[in-house]
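Trainee: I want to learn how to read ring pairs and helix faces. Please show me the model.

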Amino acid sequence: AYERRFPTCPLIPMFVASDTVSEYKSEDGAIHVIERRCKLDIDAPRLLKKIAGVDYVYFVQKNSLNRRERTLHIEAYNETFSNRVIINEHCSYTVHPDNEDWTCFEQSASLDIKSFFGFESTVEKIAMKQYTSNIKKGKEIIEYYLKQLEEEGITFIPRWTPPVACKSESSTSHTRRPVSPAINIPESATKEGLNNKEILNTSSSPSEPTAGTPDDKLDADYIKRYLGDLTPMQESCLIRLRQWLQETHKGKIPKDEHILRFLRARDFNIDKAREILCQSLTWRKQHQVDYILDTWNPPQVLQDYYAGGWHHHDKDGRPLYVLRLGQMDTKGLVRALGEEALLRYVLSINEEGLRRCEENTKVFGRPISSWTCLVDLEGLNMRHLWRPGVKALLRIIEVVEANYPETLGRLLILRAPRVFPVLWTLVSPFIDDNTRKKFLIYAGNDYQGPGGLLDYIDKEIIPDFLGGECMCEVPEGGLVPKSLYRTAEELENEDIKLWTETIYQSASVFKGAPHEVLIQIVDASSVITWDFDVCKGDIVFNIFHSKRAPQPPKKDSLGAHSITSPGGNNVQLIDKVWQLGRDYSMVESPLICKEGESVQGSHVTRWPGFYILQWKFHNMPACATTNLPRVDDVLASLQVSSHKCKVMYYTEVIGSEDFRGSMTSLESSHSGFSQLSAATTSSSQSHSSSMISR
């Protein structure tokens, strides 16, 4: 089907013609390599073509088909302007390692514009536009030719087999897998592909779960019941990402429904989904979000004046959340509670939403992974555009978007007033495009007409304040009494308390101002353990020992040793007059930790005294042969704004006799997930061990 694109393809208008440059076929017919020179009519401004002096551009494409391995590799690079612009593209068709009836397709490309007559930015935009459109049409084109083959009666092509003369020789070195029955790829692969999973189940070992149980993730009934319709490619992505989590991480593995949300949020790009999922799991661990419904009780102010609550379900079975935003005093809530309490309350609402989705999945007998939100804007006015309130709203949106993707099934905005476009202009840039498509906005009483509320919610459960007959128990909101307002200092202290309410502490590390923690050891052979995440920037982690206690940090002068910032504390204990080797000694080799890493480790103390754990700003080393910094160093330094780093840490001292059991508990409970996890490296010494998860 792929070869039918040549010498030209009517489905790709820019592809004008192609000529064969070279061709090679192996004697046994297993290898076929063909190189073509392709002529393209790029959709570029006429002026740019005139300046460049060309009407067409030429690419060289090399296709390597290996029938023995069942792979097709495609490489392409530009011939035109190759001294100014370098474009490389690689595509591959391979057989899925777990199911030989599935085809895996991978595509990657790079663009490097060195110079282009001063139009570098324009060329980059044109190239990206062309490449994006080609990617979107790729599946459509291959399906077109597959259908063409099918119409010609070609629905099966036999596997390659060695020529008769060399069968006996090759049979000893190559074990061929049994031939699978042919399948129609274009339509039935998406509709009936789930049935092909029986091939995988037949090869499972006896110790694996039997088909039909929730543990058997390849079972068609399980997928249809709990996950919904998945194409073979989507199911494959889910299996691979879950397997990667099982192999890489300790602790609790999220449910398939949760993993699937992140895959859908990134269009089933495994690398992108893995990155945001790991970041979210680290965030959940740091702030103990898994336990928020059991351990956190909302303040009475929220229960009285937050005009939102759960109200039955919509026609699709999704849980329905009603928010009377127009009746809510956002300014009063922020002044009385601060951003952190509001954020935590919204997180508890989302956690309750996830729980209700699971319940409704059981009740309705079909997968329900999102909820519907009904927002009534009656009463919305300029006081809702209070700057700190909008800032709090944007922060809440940012956190929810990052950690609860694909949970909003539909958003119904009712009775939008004239001031709404102003609020929408401020908020919409922070909302994901996929989420924005789920918004339905009604002005005035439009929601009562055709295409309105009755299309999505049963008449029996429309709230009374919207003209329905169902009594809605959502609080009516109203103005928060000013007597409940708190000062900025009180709110700041409350914010810090809420922020560090977990077992983790937050610290800021500045250039020239490390953060240090003092641990006093009475009994030698005690074990100091640590678990920290580098949230921003690169740091160097050190451990020092001193026989005498450092002076407590001062807070009252410009030369203070302690700094408090919104991102966390900064405490310095080692006095500037202290000398390394005389007043204190280093007991561990410095450990460089990159942004996004999660570090767990321990140190067995040899002597009693005072131990200082230090997180220090990492200065990029200059190139060895010159005083000029390297390009990579400059780029890395730009990522750290104002020479500031941030860490979240937890420390504990354990008696040596209790070390083994406690350390196992620590690693399984508190160091499950890191932000950018791809591999794990361990470094150990005679009296210490550290583990970094990247």
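Mentor: Ground rules come before the details. This is a predicted model, where local features need pLDDT of at least 70, side-chain atom pairs count only at pLDDT 80 or more, and totals for chains, interfaces and linings use all residues. Residues are numbered from 1 along each chain as its sequence is written, and side-chain values use heavy atoms, with hydrogens and water left out.

Trainee: How many aromatic pairs does a search of the whole structure find?

Mentor: A pair of aromatic rings is described by the distance of the centres and the angle of the planes. Rings of Phe, Tyr and Trp (its six-membered ring) pair if their centres lie within 6.5 Å; planes under 30 degrees apart are stacked, over 60 edge-to-face, and the rest tilted. The whole structure gives 20 aromatic pairs. Take Phe-420 and Trp-424: their ring centres are 6.1 Å apart and their planes meet at 25 degrees, so this pair is stacked.

Trainee: Where do Phe-420 and Trp-424 sit in helix 15?

Mentor: Helices are DSSP runs (H or I, at least four residues), numbered from the N terminus. Helix 15 spans residues 420-427, and Phe-420 and Trp-424 are 4 residues apart in it, about one helical turn.

Trainee: Is Phe-420 buried or exposed?

Mentor: Buried means under 20% relative accessible area, exposed over 50%, and partly exposed in between (1.4 Å probe, protein chains only). Phe-420 is buried at 11%. Trp-424 is partly exposed at 24%. Now compare a tilted pair: Trp-578 and Tyr-584 lie 5.8 Å centre to centre, with 35 degrees between the planes. Trp-578 is buried at 10%, and Tyr-584 is buried at 12%.

Trainee: Which residues do ring pairs link into a cluster?

Mentor: Tyr-2, Phe-6, Phe-15, Tyr-93 and Phe-105.

Trainee: Which ring does the charged end of Arg-274 sit over?

Mentor: A charge sits over a ring if NZ of Lys or CZ of Arg is within 6 Å of the ring centre and within 35 degrees of the ring normal. For Arg-274 the ring is that of Trp-244, with the centre 4.8 Å away. Arg-324 lies over the face of Phe-465, 3.9 Å from the ring centre.

Trainee: Which residues are buried in helix 6?

Mentor: In helix 6 (residues 220-227), Tyr-222, Ile-223 and Leu-227 are buried. Seen down the axis, the buried residues of helix 6 fall within an arc of 100 degrees, so they line one face. The arc is taken from the directions from the helix axis to the C-beta atoms. Exposed Asp-221 and Lys-224 are on the face turned away from the buried side of helix 6. Just after helix 6, Gly-228 takes a positive phi of about 95 degrees.

Methods: Helices (H or I, at least four residues) and strands (E, at least two) are DSSP runs, numbered from the N terminus.
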